[in-house]
Amino acid sequence: QVQLVESGGGLVQAGASLRLSCAASGLPFSRSGMGWVRQAPGKEREFVAAITWSGGTTDYADSLKGRFTISRDNAKSTVYLQIHSLKPEDTAVYYCAAGGYGSKEHFYPYWGQGTQVTVSS
């Protein structure tokens with residue numbers, strides 16, 4: 001059974017940095033592409049970032065490039081999302097996704113439960 005457990009969310013002030021983690025189990029992590037997707041209140045899910053199995057290739061939503069960094073540690077079966085200069089509009093539930101690569105939700109068969117990030121102004 002595949003499990004993806006996100007952590008690291010919380011309430012932060014605008015301008016702060018945050019690192020989200022997603023610990024994976026039940027799948028061949030070192031051969032799995034991973035992604036992050038977020039959903040703001042009242043909005044549809046939005047692609048954030050993706051990383052290939054090796055970590056050699058990454059992709060980001062155009063609007064988020066520069067502030068978001070996706071990385072992974074295959075020895076720990078964990079993928080990370082570093083966010084700098086947080087803005088109130090970054091407030092959302094951040095979901096980890098596994099088993100694919102790219103900006104479309106249907107590329108990923110496995111999903112975590114999400115971690116809430118709230119940015120106060």
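At 53% relative accessibility, Glu89 counts as exposed (over 50%; buried is under 20%, partly exposed in between, with a 1.4 Å probe and protein chains only). Glu89 sits in the loop between β8 (78-83) and β9. In space, its C-alpha lies 8.0 Å from that of Ala40, although the two are 49 residues apart in sequence.

This is a predicted model, in which local features need pLDDT of at least 70 and side-chain atom pairs count only at pLDDT 80 or more, while totals for chains, interfaces and linings use all residues. Residues are numbered from 1 along each chain as its sequence is written, and side-chain values use heavy atoms, with hydrogens and water left out.

As for the fold, the protein chain has eleven strands and zero helices (DSSP runs numbered from the N terminus: E, at least two residues, for strands; H or I, at least four, for helices). Of its 121 residues, 44% count as buried. The C-alpha atoms fill a box of roughly 40 × 25 × 25 Å along the principal axes.

Then there is the disulfide (a pair of cysteine sulfur atoms within 2.5 Å). The structure holds one: Cys22 and Cys96, with their sulfur atoms 2.1 Å apart. Cys22 belongs to strand β3 (residues 18-25) and Cys96 to strand β9 (residues 92-98), so the pair ties together parts 74 residues apart in sequence. The torsion about the S-S bond is about -75°, so this disulfide is left-handed. Both Cys22 and Cys96 are buried.
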